[in-house]
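Have a look at the chain below, then work through each task before reading its solution.

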Amino acid sequence: MCLSTVYVDSDTGKEEIMRDVAEMEAEGEGFNLFSLMGEKVFVKGRIKRVDFVDEHTVEIVREGRL
């Protein structure tokens with residue numbers, strides 16, 4: 001099973017928000033992230049990049065960094 005890690009682009013580089021993300025759902029100006037264990041985190045921003053093959057990562061950029 002390949003779960004993803006979600007990062008937010010920041011001025012200092014990529015900041016890890018959550019590991020083992022099983023589900024990602026758009027809501028308003030961001031995304032709800034759900035872990036395999038049921039933890040939920042909301043991240044405001046837009047998707048910058050998704051890697052389904054090598055790194056299994058999602059990068060989100062906040063509105064001010066577009």
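Two strands pair if DSSP finds at least two bridges between them, and strands (E, at least two residues) are DSSP runs, as are helices (H or I, at least four), numbered from the N terminus. The model is predicted, so to speak of local features pLDDT of at least 70 is needed, side-chain atom pairs count only at pLDDT 80 or more, and totals for chains, interfaces and linings use all residues. Residues are numbered from 1 along each chain as its sequence is written, and side-chain values use heavy atoms, without hydrogens and water.

**Exercise 1.** Find how many helices and strands the protein chain has.

*Solution.* Start with the count: 0 helices and 6 strands. Next, read from the N terminus: the order is β-β-β-β-β-β.

**Exercise 2.** Work out which way strand 3 runs against strand 2 and strand 4.

*Solution.* Step one: strand 2 (residues 13-27) and strand 3 are antiparallel, joined by 6 bridges. Here M24 lies opposite L33 of strand 3. In their hairpin, with 2 residues between the strands, G28 has a positive phi near 55°.

Step two: strand 3 also pairs with strand 4 (residues 40-44), antiparallel over 5 bridges. G30 faces K44 in strand 4. This hairpin has 4 residues between the strands, and G38 takes a positive phi near 95°.

**Exercise 3.** Is strand 3 mostly covered or uncovered?

*Solution.* Buried means under 20% relative accessible area (1.4 Å probe, protein chains only). In strand 3 (residues 30-35), 6 of 6 residues are buried, so by this definition the strand is mostly covered. For the protein chain, 35% of the 66 residues count as buried.

Notes: Buried means under 20% relative accessible area, exposed over 50%, partly exposed in between (1.4 Å probe, protein chains only).
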